[in-house]
Amino acid sequence: SMDVLHDNPNCFQVHLRYREKSLHPAHPELFRSSRRQAPYRRLVWDMYGSGPYMWHGFSLGPGLRRLGHLRMLGAVEAYG
C-alpha cells in the first residue's frame, strides 16, 4: 500500500479489499508499483454522476490514507 501512495502523490487512500467485494468498480487495467511490482487497480472516477454528490471512492473503511490529505479534509462530520 505504501508503494502505491509513493507512486501516486495525488492518491488520497488505498483500499484494502478485494475488487469482487466492492460495489465501486475498478478499471480493468492492472498497474504495478515501481518498488515491489505490487499489483493494484484504480477505482472508476465519477461513478455516481456529477455535481456536489460525485463519488470517487472515499471511504472510512480499512485502508491506508495520507495524513496531509485528511487534515485538508477536516472533520468528516461536516459532510453529513
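Contact here means heavy atoms within 4.5 Å. By that rule, L5 touches C11, V14, L64 and R66, leaving out residues up to four places away in sequence. The model is predicted: local features need pLDDT of at least 70, side-chain atom pairs count only at pLDDT 80 or more, and totals for chains, interfaces and linings use all residues. Residues are numbered from 1 along each chain as its sequence is written, and side-chain values use heavy atoms, with hydrogens and water left out.

**Overall layout**

- The chain has two helices and four strands. Helices (H or I, at least four residues) and strands (E, at least two) are DSSP runs, numbered from the N terminus.
- Read from the N terminus, the order of elements is α-β-β-β-β-α.
- Of the 80 residues in the chain, 21% are buried. Buried means under 20% relative accessible area, exposed means over 50%, and partly exposed lies in between (1.4 Å probe, protein chains only).
- The accessible surface of the chain is about 6300 Å², and 59% of it belongs to carbon and sulfur atoms. These areas come from the Shrake-Rupley method with a 1.4 Å probe; for residues, only the protein chains shown count as cover.
- Among contacts in the chain with a separation of 6 or more, 49% join residues 24 or more positions apart.

- L5 lies in helix α1.
- L5 counts as buried, because its relative accessibility is 8%.
- L5 and R65 are 60 residues apart along the chain, yet their C-alpha atoms are separated by 8.4 Å.

**The salt bridge**

- The structure holds one salt bridge. The term covers a side-chain nitrogen of Lys or Arg within 4 Å of a carboxyl oxygen of Asp or Glu.
- The partners are R36 and D3, with their closest N and O atoms 3.1 Å apart.
- This pair links distant parts of the chain, 33 residues apart: R36 is in the loop between β2 (31–32) and β3 (39–40), and D3 is in helix α1 (residues 2–7).
- R36 is exposed, because its relative accessible area is 64%. D3 is buried, because its value is 5%.
- Side chains of opposite charge can pair when their charged atoms come close.

**Rings and a charge**

- There is one aromatic pair in the structure. F31 and Y40 form a stacked pair, because their ring centres are 5.7 Å apart and their planes meet at 25 degrees.
- Rings of Phe, Tyr and Trp (its six-membered ring) pair if their centres lie within 6.5 Å; planes under 30 degrees apart count as stacked, over 60 as edge-to-face and the rest as tilted.
- F31 is buried, with a relative accessible area of 18%. Y40 is buried too, at 14%.
- The charged end of R42 sits over the ring of F31, 4.2 Å from the ring centre. For this, NZ of Lys or CZ of Arg must be within 6 Å of the ring centre and within 35 degrees of the ring normal.

**The nonpolar core**

- The largest nonpolar core has five residues: V4, L5, V14, F31 and Y40.
- Such a core is a set of buried Ala, Val, Leu, Ile, Met, Phe, Trp, Tyr and Cys residues joined through side-chain atoms within 4.5 Å.
- In soluble globular proteins, nonpolar side chains tend to be buried together.

**The loop between β2 and β3**

- Q37 is placed in the loop between β2 and β3. Phi of Q37 is near 60 degrees, a positive value in a residue other than glycine.
- Q37 is partly exposed, with a relative accessible area of 43%.
- A38 is found in the loop between β2 and β3. A38 is partly exposed, with a relative accessible area of 29%.
- A38 touches F31, R32 and S33, not counting residues up to four places away in sequence.
- A38 and V4 are 34 residues apart in sequence, and 8.1 Å apart in space from C-alpha to C-alpha.
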